[in-house]
Amino acid sequence: MDKSIIVIGIAGGTGSGKTTITQEIVKNMGDDVTVLTHDMYYRARHDLTYEERVLLNYDHPNAYETELLIEGLRDLKEGKEIQCPVYDYSIYDRTDRFTTIKPSRVIILEGILIFHYEHLRPLMDIKIFVDADADVRILRRITRDVKERGRSLDSVINQYLTTVKPMHEAFVEPSKRYADIIIPQGGQNAVAREVLIQRIKAHLRD
């Protein structure tokens, strides 16, 4: 394993600002950063109809093929490139395509539940939980899912009330205790973003 590679886990509730912080790091670090997203590892459900897939709980830990993610992350830490599955939110299913992800000195692992899995946590060198108020998160979720994922407003609200909110309370929020750093005010916390970026730059200078 290459000791110069650092893995940063960025967790937090849906719409908390994980992607904002990730993008800020990438903007400052460029090619020195590799991003791996837990959402790409939703389990393939080709055996179900579209109508059946719509009704699944996508915010429960069992919705993900996390064992495949762990395998890929270990390979990246060893300097190997991986083939990451591609998930299509519009059809609620994994596609048959893969994207090549190359290792770099900084690997960012992003996802709402990444701190929940006891076999995944030890692979992260820094664990960051992005915190934001529930009303802010639901508004961001609505905006994202309607504009970017082709969902209807009613479906987003129904999914939030039936699965997203209860799963957040059951699994995401409790996983905060495993974080090394908690960032309040979500991705808008400029001070926290700058401190994190400086920490990463220091690692790259080593």
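Residues are numbered from 1 along each chain as its sequence is written, and side-chain values use heavy atoms, with hydrogens and water left out. Because the model is predicted, local features need pLDDT of at least 70 and side-chain atom pairs count only at pLDDT 80 or more, while totals for chains, interfaces and linings use all residues.

Q: Which residue of E5 stands opposite Val33?
A: Strand E2 pairs with strand E5 (residues 106-110) in the parallel sense, over five bridges. Opposite Val33, the residue in E5 is Val106.

Q: Which residues does Leu204 touch, leaving aside those up to four places away in sequence?
A: Leu204 belongs to helix H6 (residues 190-205), and contact here means heavy atoms within 4.5 Å. With residues up to four places away in sequence not counted, the partners of Leu204 are Met29, Asp32, Arg105 and Val106.

Q: Why is strand E3 described as largely enclosed by the rest of the structure?
A: Burial is judged with a 1.4 Å probe and protein chains only: buried means under 20% relative accessible area, exposed over 50%, and partly exposed in between. Strand E3 covers residues 82-88, and it is largely enclosed because the number of its seven residues that are buried is five.

Q: Which residue in the hairpin of E3 and E4 takes a positive phi?
A: Strand E3 pairs with strand E4 (residues 93-101) in the antiparallel sense over six bridges, and Cys84 has Thr99 in E4 as its bridge partner. Four residues lie between the strands of this hairpin, and the residue with a positive phi, near 55°, is Tyr92.

Q: How far apart in sequence are the parts that the pair Asp93 and Arg53 ties together?
A: A salt bridge is a side-chain nitrogen of Lys or Arg within 4 Å of a carboxyl oxygen of Asp or Glu, and the closest N and O atoms of Asp93 and Arg53 are 3.9 Å apart. Asp93 lies in strand E4 and Arg53 in helix H2, so the parts tied together are separated in sequence by 40 residues. Both partners, Asp93 and Arg53, are buried.

Q: Which residues form a nonpolar patch on the surface?
A: Patches consist of residues with over 30% relative accessible area and no salt bridge, like charges being joined within 9 Å and nonpolar side chains (Val, Leu, Ile, Met, Phe, Trp, Tyr) within 5 Å; accessible areas come from the Shrake-Rupley method with a 1.4 Å probe, and for residues only the protein chains shown count as cover. Leu55, in the loop between helix H2 (50-54) and helix H3 (66-77), counts as exposed because its relative accessibility is 74%. The patch has about 370 Å² of accessible area together, and its residues are Tyr50, Val54, Leu55 and Ile91.

Conventions
Two strands pair if DSSP finds at least two bridges between them. Helices (H or I, at least four residues) and strands (E, at least two) are DSSP runs, numbered from the N terminus.
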